[in-house]
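Subject: Structure for you to look at

Hi there,

Here is the structure I promised to pass on, with the sequence alongside. Please open it first, and then read my notes below.

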Amino acid sequence: MGWAKKKGKQQEGRLYLTKVIPLEGEGWLDKFKEPMLAATKIWNSCVWESKQAAKEGREYPT
């Protein structure tokens, strides 16, 4: 659990809960391969959309 920080200051109402998963042994990559690929696709589409907005002079999507 931790607070999101912006410019060194804590933001109220921005508490993030995290879970630590040990990556010891084999088989962990198989468990996370599908979510990792999905996250990669989402990230790449966000980057593409931001670049398109910049090219077209639009505001960045939120």
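Let me start with Glu49, which is partly exposed at a relative accessible area of 27%; buried here means under 20% relative accessible area, exposed means over 50%, and partly exposed is in between, with a 1.4 Å probe and protein chains only. Its side chain meets that of Arg58 in a salt bridge, 3.3 Å from N to O. A salt bridge is counted when a side-chain nitrogen of Lys or Arg is within 4 Å of a carboxyl oxygen of Asp or Glu. Arg58 also forms a salt bridge with Glu56 through their side chains, at 2.8 Å from N to O. Through shared partners, Glu49, Glu56 and Arg58 are joined into one network. The count for the model comes to two salt bridges.

Before going further, a word on the source: this is a predicted model, in which local features need pLDDT of at least 70 and side-chain atom pairs count only at pLDDT 80 or more, while totals for chains, interfaces and linings use all residues. Residues are numbered from 1 along each chain as its sequence is written, and side-chain values use heavy atoms, with hydrogens and water left out.

Back to Arg58: it sits in the segment after helix 1 (28-56) and is partly exposed, with a relative accessible area of 39%. Setting aside neighbours within four places in sequence, Arg58 is in contact (heavy atoms within 4.5 Å) with Glu49, Gln52 and Ala53.

Now the helix itself. Helices are DSSP runs of H or I with at least four residues, strands are runs of E with at least two, and both are numbered from the N terminus. Helix 1 has 29 residues and spans 42 Å from its first C-alpha to its last, close to the 42 Å expected at 1.5 Å a residue; that expected span is 1.5 Å times one less than the number of residues. There is a kink of about 35 degrees at Glu34, shortly before the proline Pro35, where the bend is the angle between axes fitted to the seven residues ending there and the seven starting there. Gly57 follows helix 1 and has a positive phi, near 75 degrees.

As for the whole chain, its secondary structure comes to one helix and two strands, in the order β-β-α along the sequence. Of its 62 residues, 5% are buried.

Enjoy exploring!

Best wishes
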